[in-house]
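Student: I have a structure open and have not looked at it before. Can you walk me through it?

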Amino acid sequence: MQKDAYTMILEAIDAGTYRPGDRLVESELAERFGVSRTPVREALQRLETQSMLARDGRSLIVASLDHNQLAELYVVRTELEALAARLAAKHAAPEEVRVLQEMIDEDRAQIGDPVALSRANKRFHKQIHLASHNRYLVQQLDLVHRSMALLATTSLAAEGRGETALAEHQAIVDAIRSGDEDGAATALRAHISKAFETRLKLDAAGGRKGRG
C-alpha cells in the first residue's frame, strides 16, 4: 500500500533519519519521497499542529522535548502502558502470549546493538497494546509513542540496560501468561520507571535524550 507524505515523514523521524533540531525543507522532502510539494506541505502543517515540528524563524525543524515535557510524557506513558498490561493479562489469547515470548527470545540476539534492540522494544510494547483488545487505548498509546520519536537516541545504549530490559519484559509476559492483572501492571510500571531513570542518567552524562 502506498504511503502518504505524512506517514513517510513521520516514519523518517521515528527511524532517526531526521532528528530533533533538523530542518525540514519542503522541496527536499518532495524529492526524497517522490511526491509533489503540495502533500508534503500539508503533511508538515499537520505535524506542526501535532507538535512534532516547531518553528525556527521561517523554517520548520523537528521538535525536541525539554525535561518537563519528558517527565509529563512518561507519566502518561506509564499509566497507559500499565493499563494495557492489565488488560492483556485479562484478554490476551494464548497465541498473543506466545508471540510476546518469541519476541523476548529473539531479542536476546540483539543485545549489544542498541538501535536494533530499540526497534524490537517498540514492537514488543506494540504487541502488548494490541493484546489489551481495547482499540481506544491502542489509539492513545500510538499518540504517546509518536511523541517518543522526538527523543534522539536510545536509553538501551546504557551499559547493561539491554539485558535488564529483557528481564523486565520477561516479568511482564510471565504475569500476562498467568492472568495476573495486578502483577502485569506492576511489572510494566517498574519497566517504564527503570527506563526513565536510565534516560535521566544518560541526559545528565551526555546532555542528550534517548528513546527506548
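**A first walk through the model**

Tutor: A85 lies in helix α4; helices here are DSSP runs of H or I with at least four residues, strands are DSSP runs of E with at least two, and both are numbered from the N terminus. This is a predicted model, in which local features need pLDDT of at least 70 and side-chain atom pairs count only at pLDDT 80 or more, while totals for chains, interfaces and linings use all residues. Residues are numbered from 1 along each chain as its sequence is written, and side-chain values use heavy atoms, with hydrogens and water left out.

Student: OK. Is A85 buried or exposed?

Tutor: A85 is buried, because its relative accessible area is 0%. Buried means under 20% relative accessible area, exposed means over 50%, and partly exposed is in between, using a 1.4 Å probe and protein chains only.

Student: And what is A85 in contact with, leaving aside neighbours within four places in sequence?

Tutor: A85 is in contact with I128, I176, A184, A185 and L188. Contact means heavy atoms within 4.5 Å.

Student: Where is A185 found?

Tutor: A185 is found in helix α9, residues 181-206. A185 counts as buried because its relative accessible area is 4%. Not counting residues up to four places away in sequence, A185 touches A82, A85 and R86. The C-alpha atoms of A185 and A205 are separated by 30 Å, and these residues are 20 apart along the chain.

Student: New topic. What does α4 do around α7?

Tutor: The axes of α4 (residues 67-91) and α7 come within 10 Å and cross at roughly 140°. Axes are lines fitted to C-alpha atoms, for helices over the stretch in contact, and the angles run from 0 to 180 degrees between N-to-C directions. α4 passes α7 in a left-handed crossing. Residues making the contact include L73, Y74 and L80 of α4, and L137, Q140 and L141 of α7. A crossing is left-handed if the near helix is turned anticlockwise from the far one by less than a right angle, and right-handed if clockwise.

Student: How many residues does α7 have?

Tutor: α7 has 14 residues, 135-148, and reaches 20 Å from its first C-alpha to its last, close to the 20 Å expected at 1.5 Å a residue. The expected span is 1.5 Å times one less than the number of residues. L137, V138, L141, V144, H145, R146 and M148 are buried in α7.

Student: What caps the N-terminal end of α7?

Tutor: N134 does, with a side-chain oxygen 3.1 Å from the backbone nitrogen of Y136.

Student: Where is S132?

Tutor: S132 is in the loop between α6 (114-131) and α7. S132 is buried, with a relative accessible area of 1%. A polar atom of the S132 side chain lies 2.6 Å from the backbone oxygen of H129. Leaving aside neighbours within four places in sequence, S132 is in contact with A84, L87, A88, H91, L137 and V138.

Student: Now the strands. In what order do they form the sheet?

Tutor: The three strands form an open sheet in the order β1-β3-β2, with antiparallel pairing. Two strands pair if DSSP finds at least two bridges between them. β1 (23-24) and β2 stand at the edges with a single partner strand each, so one side of each has no neighbour in the sheet.

Student: How many bridges join β2 to β3?

Tutor: Four bridges join β2 (residues 53-56) to β3 (residues 59-62). In that pairing L53 has V62 as its bridge partner, R55 stands opposite L60, and D56 stands opposite S59. β2 and β3 form a hairpin with two residues between them, and G57 in the turn has a positive phi of about 70°.

Student: And β1 with β3, over how many bridges?

Tutor: β1 and β3 pair over two bridges, in the antiparallel sense. The bridge partner of R23 in β3 is I61.

Terms used: Polar contact = N/O pair within 3.5 Å; in protein donor to acceptor, adjacent residues only side chain to side chain.
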